[in-house]
Amino acid sequence: MENSGIVLRKAVLHVLDNGYRGLILSDHPLDLVGEQFDFLRNILLKVHKSDSTMHGQFNQDTSYVYQRLLELDENNMESFVETSKEIAKALFNVVIEGEDIPPADFVCASFQESGTIYLALLKLNYRSSYTQKISKDQGGTATEIIENTSLLPSSSTKPSEAAIINLTDMTIRLIEKRYNINGEKKNYFSEMFLGCNITKSTKRKLEILTRTIRNIYKNSDKTDMKSQMDANALLLKKYEDNKEIDIDAMGEELFGSSPDKKAAFDEKMENYDMQCDKIKIENESTVKKLEKQIIVTGSGIEISIPMIVYNRADIEIKQNSYGEDEIIIHNVDSMSLKNLRFL
């Protein structure tokens, strides 16, 4: 598979049906051509380098998966298939403990990018849909509608549980969903299956940072709308300049002249263990929400402001003599009403 420098090398599919079929292990790899090729490529690209993924490190002394990967010879197909079977068994043993963990197909796939080999572990939960059943007897042909409960998700759907493991340094990127295990909600995929520690995703860190900045300004004596807009503009500029946001530097630049605000910012970042983080952003779509800000007035008026326009100083936000915010739009060359859509 070639897409953006990615080459898919090997893949094996096993069945983890904690319903009536049980565990079915394949002795042979998938033939990576045609529709199988396209399906796996699209699923894989939903996970690889997504800013929604969390980052993890194996607990090397206790992780069964880590120990199996140390024995893996990725260049040898027999070793790859046998290792995938051992990993699938480990996941199935966890899945059968869950009250509501759905049955799935489990794909182990290796791929290469820029000289680095990765292992993808994709749990593809089944979905239900309806299809026709055709039967024939002496009386003729009959059709009926039946439910198929073991369909794979579409290739446009991101898996709810998946991991991408760098086989060089054993770092992990993963997505997961919490399920009931013995009556308790758990992140079973990272904790019980992979045996790893995880950190927040890039999107989650960015959400925490922007919410913290907004709340600090909101909790000041007067709501400072201009400062909030300026902060969003600064976040966007840091991304455009460096493709990352240094949290400590942001706090200093925004609140360095206000000890109370800086202390509140530092405390919040420490509570989330983010005080020394640099948020590395890989996908431009992650910061799309920063490119346009929507101001809502107390009377329900909504004003959508592109930051590129705000940065040109065509939008002026200031307080009048009564302490109320005013928004002035300069250099308006044309205006029109947005068309209403009823369909």
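K10 counts as buried, at 9% relative accessibility, where buried means under 20% relative accessible area, exposed over 50%, and partly exposed in between (1.4 Å probe, protein chains only). The model is predicted: local features need pLDDT of at least 70 and side-chain atom pairs count only at pLDDT 80 or more, while totals for chains, interfaces and linings use all residues. Residues are numbered from 1 along each chain as its sequence is written, and side-chain values use heavy atoms, with hydrogens and water left out.

**Salt bridges**

- The structure holds 23 salt bridges, a salt bridge being a side-chain nitrogen of Lys or Arg within 4 Å of a carboxyl oxygen of Asp or Glu.
- Side chains of opposite charge can pair when their charged atoms come close.
- One of these bridges joins the side chains of E74 and K10, at 3.4 Å from N to O.
- E74 lies in the loop between helix 2 (64-70) and helix 3 (77-95), and K10 lies in strand 2 (residues 6-17), so this pair ties together parts that are 64 residues apart in sequence. Helices (H or I, at least four residues) and strands (E, at least two) are DSSP runs, numbered from the N terminus.
- E74 is buried, with a relative accessible area of 8%, and K10 is likewise buried, at 9%.
- A second bridge links E244 and K280, whose closest N and O atoms are 2.8 Å apart.
- E244 belongs to strand 14 (residues 244-246) and K280 to strand 15 (residues 278-280), so the pair ties together parts that are 36 residues apart in sequence. K280 counts as exposed, at 51% relative accessibility.
- Salt bridges that share partners join R9, K10 and E74 into one network.
- The side chains of R68 and E71 also meet in a salt bridge (2.8 Å, N to O). R68 is buried at 15% relative accessibility, whereas E71 is exposed, with a relative accessible area of 55%.

**Helix packing**

- Two packed helices are described by the angle between their axes and the distance between the axes. Here, axes are lines fitted to C-alpha atoms, for helices over the stretch in contact, and angles run from 0 to 180 degrees between N-to-C directions.
- Helix 5 (residues 202-218) packs against helix 7 (residues 247-255) at an angle of about 20°, with the axes 12 Å apart.
- Helix 5 is therefore roughly parallel to helix 7, a description that applies to angles under 35 degrees.
- The crossing of helix 5 and helix 7 is right-handed; a crossing is right-handed if the near helix is turned clockwise from the far one by less than a right angle, and left-handed if anticlockwise.
- L209, I213, I216 and Y217 of helix 5 meet I247, M250, L254 and F255 of helix 7, contact meaning heavy atoms within 4.5 Å.
- By class, the contact of helix 5 with helix 7 has eight nonpolar, no polar and no charged residues. Ala, Val, Leu, Ile, Met, Phe, Trp, Tyr, Cys and Pro count as nonpolar, Asp, Glu, Lys and Arg as charged, and the others, Gly among them, as polar.
- The axes of helix 6 (residues 225-242) and helix 7 come within 11 Å and cross at roughly 145°, and this crossing is right-handed.
- A231, L234, L235 and K238 in helix 6 meet M250, E253 and L254 in helix 7. This contact has five nonpolar, no polar and two charged residues.

- K49 is a residue other than glycine with a positive phi, near 60°. K49 sits in the loop between helix 1 (34-45) and strand 4 (54-58) and is partly exposed, at 33% relative accessibility.
- S114 is not a glycine either, yet has a positive phi of about 50°. S114 is found in the loop between strand 5 (104-113) and strand 6 (116-125) and counts as exposed, at 74% relative accessibility.

- T212 is part of helix 5 and is buried, at 5% relative accessibility. Not counting residues up to four places away in sequence, T212 touches F265, K268 and M269.
- E316 lies in strand 18 (residues 315-319) and is partly exposed, with a relative accessible area of 28%.
- Leaving aside neighbours within four places in sequence, E316 is in contact with E326, I327, I328 and H330.
- The C-alpha atoms of E316 and K226 are separated by 8.4 Å, although these residues are 90 residues apart along the chain.

Conventions: Angles under 35 degrees count as roughly parallel, over 145 as roughly antiparallel, 65 to 115 as roughly perpendicular and the rest as oblique.
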